[in-house]
Amino acid sequence: MDVKEYDVLVIGGGPAGYIAAIKASRLGAKTALVEKDELGGTCLNRGCIPTKTLLKTAELIHEIAGAAGRGIIISDPRVSIDMPAAVKEKNRVVKKLTSGVASLLTANGVELFRGEGRLLAPGRIAVAGQGEAAAKKLILAGGSQAARLPIPGLELPGVLTSTDILDMEEAPPRLAIIGGGVIGVEMAMIFQAFGSKISIVEALPRILPFMDAETAALIHRILQSRGAEISAGAGLVRIEKGDGSLNLVLSDGKVLPADKVLVSIGRTGDLSCLGDVAIKTEKGKVLVNDYMETSIPGIFAPGDINGKKMLAHAAFKMAETAAVNALAADGRDMRKADLRFVPSVVYSFPEAAAVGLTQEEAEREGPVLVGKFPLAANGKALAVGDAGGFVKVLADKKYGAILGVHIVGPGAAEIINEAASLMAMEITVHELAEITHGHPTVSEALMEAAADCLGRCLHLPPKKGDR
Ligand code: NAI
């Protein structure tokens, strides 16, 4: 059989795979990419982009509901959702971006195989129905899949994954969400605005357990104030089919009735592309070092498949690093993927964003300066009617190094990039407090929170010891 030869072969056309392929090609390598589904992976097809499109629709509904408070008279204040139209708009945006990825690959000279790729041996893969291909370096970017639970009832009709829920033809009257993580909270906000009564079941003592406690508490209060019922610290025991509903039985004995159930309890690596080759894995993830190389030299695995940080922008960084390292002569000049300052965002409304350590983590490491600026004192946030949040800056007490930034408020997803940039450049809290920010903007609150760390914030009442 004819075996096609390349310098670099990439399995997976999501954010990790397509960036790795483009980078390898730009570095002069003869590169091919294998994708079994649509280009763009989870992010473009089932994650970041479709949810953000639906989220904008939800946010508009939320804003229209508050229009009267701004003096806008809407003679018929009833607002409802046309789900098929909302889904159509979501699909239009997804299509535009996935075809953009295809054009980028072509423009960069990457050859594309449509089919399932599987590792046969180091340096060799099979593409379903299309034979074999070989390359000195392989990049496995197979992504992730929804984690499954061995809980009775999850197979019932009406129990959905985060992919199924994106194409629903109507918003369910009662939506129960298992898992109060990022997907759970984002979907809760979306479907709450679409008119669903939301219940969230979170096994740990609080929702958003990986976010700063103050951020999680505020988002909890906002969800509740909009009518969500949150059961934290309670596990799901089983789901039973009731009379016209699904009944969720929780470990504390509570029974929650719902029309649909979303299961969003985390994701694990999709290891199907590994075939039978003995690459080291742990808990459903491929083990890689800081160079993104697996236990087999010459095989790299960036992105969700390694579970280091399941975020598209982290995948971009890991993928570019993997491509550079795949082509580094004899393993010399390999680069590490620096994931220390990768921001994370929960696209709720208001948005919640973070970079670096939570307050709990920072305080475990040593004495910490905590500066907090409530958006209730920020002109722009008040003007746009979204002033319930805050900006919090955590800094090392001795040197003022910024250890973490946490934001809940309008534009948090954008402002966090400024915080991440400053942290990457090792700007101290003393320096940040001196950087003039435009007024009125929400991002001035970042500078104000830095000043508050030092007892120097002039837009807050003085506290004992302030200068
Ligand atoms: P997650 O890890 O964010 O949250 C899962 C939640 O489910 C956790 O709070 C966990 O304690 C809870 N849980 C686990 N087992 C449970 C059980 N048996 N009963 C009740 N609760 C249970 O995972 P999620 O939300 O599914 O998201 C998957 C991945 O996708 C994450 O890695 C996330 O980073 C990524 N993602 C990122 C987004 C963003 O950046 N805005 C948006 C959506 C997803």
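Biologist: Where is proline 350 found?

Modeller: Proline 350 is in the loop between β20 and β21. Strands (E, at least two residues) and helices (H or I, at least four residues) are DSSP runs, numbered from the N terminus. The peptide bond leading from phenylalanine 349 into proline 350 is cis, with omega near 5°.

Biologist: Good start! Where do these numbers come from?

Modeller: This is a predicted model, in which local features need pLDDT of at least 70, side-chain atom pairs count only at pLDDT 80 or more, and totals for chains, interfaces and linings use all residues.

Biologist: What is the peptide bond from histidine 439 to proline 440 like?

Modeller: That one is cis, with omega near -5°. Proline 440 belongs to the loop between α11 (429–434) and α12 (444–453).

Biologist: Back to β20, then. What is the strand order in the open sheet of 5 strands?

Modeller: The order is β20-β21-β24-β23-β22, with antiparallel pairing.

Biologist: What makes β20 and β22 edge strands?

Modeller: β20 (344–346) and β22 (368–374) each have a single partner strand, so one side of each has no neighbour in the sheet. From one strand to the next, the twist averages 10°; the axes behind such angles are lines fitted to C-alpha atoms (for helices over the stretch in contact), and angles run from 0 to 180 degrees between N-to-C directions.

Biologist: How do you know that β21 and β24 pair?

Modeller: Two strands pair if DSSP finds at least two bridges between them. Strand β21 (351–356) and strand β24 (402–409) have 6 bridges in the antiparallel sense, so they meet that rule.

Biologist: Why is the crossover from β10 to β11 called right-handed?

Modeller: With the strands pointing away from the viewer, a crossover is right-handed if the path from the first strand over the helix to the second runs clockwise. Here the chain goes from β10 through helix α6 (213–225) to β11, and this β-α-β crossover is right-handed. β10 and β11 (229–232) run parallel, joined by 4 bridges, and isoleucine 200 has isoleucine 230 in β11 as its bridge partner.

Biologist: Which residues come nearest to the ligand?

Modeller: Ile183, Glu186, Glu202, Gly266 and Val345 do, out of 21 residues around it. A residue counts as near if one of its heavy atoms lies within 4 Å. The helix α5 (182–193) and the strand β10 (197–202) each supply at least two residues of that shell, and α5 gives the most, with 3 residues.

Methods: Residues numbered from 1 in each chain as written. Heavy atoms only, no water.
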